[in-house]
Every structure is written in C-alpha cells, then in structure tokens.
Amino acid sequence: MSGISRRKFLKSTVIAGGSAAAAMSSTKSAHAMKEFEGYPDSMGVLVDLTRCIGCRTCEAACNQEHGLPEPEKSFSDFSVFDEVFHGGKQKRRTTEKAYTVVNRYDTKDQGAPVYRKLQCFHCSEPACLTSCFVNAYTKTKEGAVIYNADVCVGCRMCMVACPFSMPAYTYDSALHPEIIKCNFCYDNRLTKGKPPACVEACPQDALTFGHRKTLVKTAHDRIRSNPKKYVDHVYGETEVGGTSWMYISSVPFDQAGFNTTLQHHPILDNTKSFLGIVPMVLGIWPAMFLGFHLLAKGGKGKTDDKSKNRVEVQGE
Amino acid sequence: MKSRKRWALKGTIVALFFLAAPAFGAGGEPPASVRIDSLSHLYNGVDFDHELHVGVEEDCSVCHHHVFGNGVADTQCARCHSDSKGTSSVACSDCHVKEPFTVEHLREMEADPNRYHVDITGLKGAYHLRCYNCHFAMEAPSECADCHERTDAGDRFYRSGKYAPTGGGTGGGHE
C-alpha cells in the first residue's frame, strides 16, 4: 500500500519539480525581455526646447480641452515664471488643476532663458502602473498612460513611484478624491487620430506629434544637422526605459530642470527578478515540500489512511 | 546677420503665401503688403509689411528657401539645393500644411523611407519660427499683440481681459 502511495507521490514530486523548473525558466526569459521599447505604434511628442518661447498657450489649451478649473492667474501672466516653492528650489509643478505647466530656466550657458513644458512623460514601462496594486493605470497601445479613478483606492503609491513627480491628487475632495495627471488627451483626441490639444495650440511647433519611433529619428536628425545648437542627447529616449514624451535642448538638461540621474532602464527592472519568483515560491514550494515531507514519512512505513488520502489528492 | 535674415524670412513667407504667390509665380514684383489670416482664431490676421522686410533682408532665400532658384542661405539646404531651379509655386502652404499632425499627413511623411523632408513644420509653426525668432533676436517687437490683436475668443482662451480669473482658483504651483 505504502509503495503505491510512494510511487504516486514521487510522480507528483516530479511534476512539481518540473513545473518549478518551468516557472524558473519563464522567469528568466521574462527578465531577459527588459529591452521592451513600448508598443510598436505608440505615439509620442518631441519637445524642442530651442523653440519654446514660454507663451503658455499649451497651458491654456490644456485647461480648455479638459475643462479644468479657473487658474489663479491669467495664462497671459508671465509672473508665474518667477514663482518658486520649497525655499526657492522648486519651480511650478503639475497640480490637480493643471495637467501641464511651463517653467523658465535662466541658464549659465546661454543668454536667453530656456522654457520647459512639463506634463506626464507617458513612460513605456510606467512606474506608476507598476506600483499600483489595483491596476488603476493602463499603458495603451497608442502610448498614453491613463488612469481609472473608479478602482483607485487612493493609496498614492503612484505619486511616490513616478520618477517625474507628475501625478497630483485632489486632496481637497473629501468624498471622491482622485489622481490627476495628463492623459495625452486619450479619450478626446489620441484615439481619434488627433494630436493633444497642447501640441495643436503651440505656435512655435515646439511640440511635434508622431509615432515615437519616428520622433526618435527626428530628434537625432535635428541634433545631427545642427550639432552646435543642440546637446547631443534625447531626454526620454532611454530614461527609465523610454518615455513617449521626449525632449531635445540647447543647454545641458540639468540646467533646464531635468533629473539627469535617472536610470536608463525601466524602474520595474529593479523588482522584476524578485517578483518573478514569488509565484513559484508561493505556488510550488508548498506542494513540493509537502511531498518531500510525506515521502520521508512514508519511508518509515507509518503512513495512516488519513495521510494516504492526502497524498492521493496531492498526486492529482 | 542671422536675425536679420530671419526677420526678412518671416515677411517673405507670409507674403508669398497669400497675395504674392501668384504674382511671384508669374515673375511679377513682390507685394508691398500681405494679409495673413488663414489661421486667425485666437488672434486677428496680420497685415504683413513685405516691403519693409525686403528692406531689412535683401536675400529672399532667407525666408523663401530655394523657391526662386537663386541659391539658398541655409548651408544645410545648399547641400542639395544650391543649383535648384525656381519652383512653380512659392506658397508657404504648399509645404507647410495647416494641420501637420493628422493621421493622413503623418502617414504620408512615413510612407517613403527614403524621404528626406520628413520634419517639416506646420504653417503656424513656420510663420512663428521665422517671424518671432528673428524679431526676438533683433529686438524688434516680439510680444504677441505687437503683430496681431487678440480676439475675444483669444481672451477667453487665455483667461485675460474680461475673462481674467476672479480669484479662488490656484495656479500651476503648489504650496
């Protein structure tokens, strides 16, 4: 009797071991796939800082497009460029009432100031999405990172996870607080083949809309045909694994307020190898070690009916 | 020098695009003034003083690229277009389209992998990049309203004038 049990038991152990090996190898291949460059037809925007003149038309267009609340100051009021926060270091940021803001940077290398538009970068592998345990975020095939307030529990992990500090939160809403961030005009425009409102409004063509793949080439072409004008880097091409919104500049990026210390692979990579073994540990180890345990116990010939049944169940 | 050229370019672009295009194409004289208003919405159209700008920049190619067949100012363009003949049309809108980011236009630009001119600014961008950048560099008038008057729709859009914020909202910053 106990021999049959043991045979079944060995069988189940082999199966368990086999699945463990399979799980490990699939983890390995998943990890090797970190070169994911986003969806093939992902759209993007190339922001050319050499063209931006700080007119704030994009901010006004965004406000109108999304029916955002009235701003504190007119969009024709350029005194906002002088606003600083947190002891003078922090310039304006996106808020629950502004998906995008433009800031001015007086740089060392260049006489005229540089203006930078800020909004969600729409990462290829977004950290906000990765951090969200209720899957409120989606990276769409069009390239937009969108958010679903209906499932959000308000933990605000995404705000912590975002390397660009883009998501804002409606703290003043007691009953229905939600995350607010640029959605690439996903519903109204992107899915209808139209550029975002800010892009369409920009008088200087500082914002160029197109397929991300094409924009990467465009960006390098602009740099190559005018090497003295541009810094030889496309910000967002590889930062945090690539972003849909990318920038080129005439001044070093750190002088235009960019974080130049970001890693050049997805934030997700930092946890992927660990998270990959969690299903194996939780799903397979209990079965496997229970098998070993029972095997060891069975070897002593003391298997009673109860544990035999358990073994058979395990063997199925 | 560069800014001068740009300034001239701005003028020329506009001029060609509207009134001047047919006249130039027929080998006529450049127009004295050009009304630019095909895009007017937030701002009224511009009465562009072409004559004045011709006086500032004599090299037409600064604004008009190679369309007159007498060489180009930009060394980048000169690589191919130094010997180019004049083109049949000199209208800005022939190359700089009003809506550069439509699905159709993006598809057209990407259709031929050997196409060189894939990064062409839109019409609005072409005007402003020429006009504004040159004005700014030459310290010529460079506020929006210096060239075109804002419309009522524009005031509403920018929340200025009678649509100015009444308070209570917050700006782009945070406390």
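What share of the contacts in chain B with a separation of 6 or more is accounted for by residues 24 or more positions apart? That share is 59%, where two residues are in contact if their C-beta atoms, placed from the backbone, lie within 7 Å.

Before going on, some conventions. This is a predicted model, in which local features need pLDDT of at least 70 and side-chain atom pairs count only at pLDDT 80 or more, while totals for chains, interfaces and linings use all residues. Residues are numbered from 1 along each chain as its sequence is written, and chains are lettered from A, with ligands numbered from 1, in the order in which they are written.

On confidence, pLDDT being the predictor's own confidence in each residue on a scale from 0 to 100, chain A has a mean of 87, with 83% of its residues at 70 or more.

Chain B, to return to it, has eight helices and two strands, counted as DSSP runs numbered from the N terminus, with at least four residues of H or I for a helix and at least two of E for a strand.

Now to the core, by which I mean a set of buried Ala, Val, Leu, Ile, Met, Phe, Trp, Tyr and Cys residues joined through C-beta atoms within 7 Å. The largest one has 82 residues, and those with the most contacts inside it are A:Val47, A:Cys198 and A:Met246. Helix α6 of chain B, residues 123-137, gives the most to this core, namely seven residues.

Let me turn to α6 of chain A, which runs over residues 212-225 and reaches 20 Å from its first C-alpha to its last, close to the 20 Å expected, the expected span being 1.5 Å times one less than the number of residues. Its buried residues are A:Arg212, A:Leu215, A:Thr218 and A:Ala219. They lie on the same side of α6(A), because they cover an arc of only 105° around the axis, the arc being that of the directions from the helix axis to the C-beta atoms. Among the elements covering them are β1, β8 and β9 of chain A.

In the loop between α6 and β9 of chain A sits A:Val234, which counts as buried because 22 other C-beta atoms lie within 10 Å. Beyond its neighbours within four places in sequence, A:Val234 is in contact with A:Val216, A:Ala219, A:His220, A:Met246 and A:Ile248.

Finally, the contact between the chains takes 36 residues from chain A and 26 residues from chain B. The elements giving two or more residues to the chain A side are α2, β8 and α6 of chain A, and α6(A) has the largest share, five residues. As for α2(A), seven of its nine residues are buried, and what covers those buried residues includes β2, β3 and α5 of chain A together with α8 of chain B.

Conventions
A residue is buried if 20 or more other C-beta atoms lie within 10 Å of its own, exposed if 12 or fewer, and partly exposed in between; C-beta atoms are placed from the backbone.
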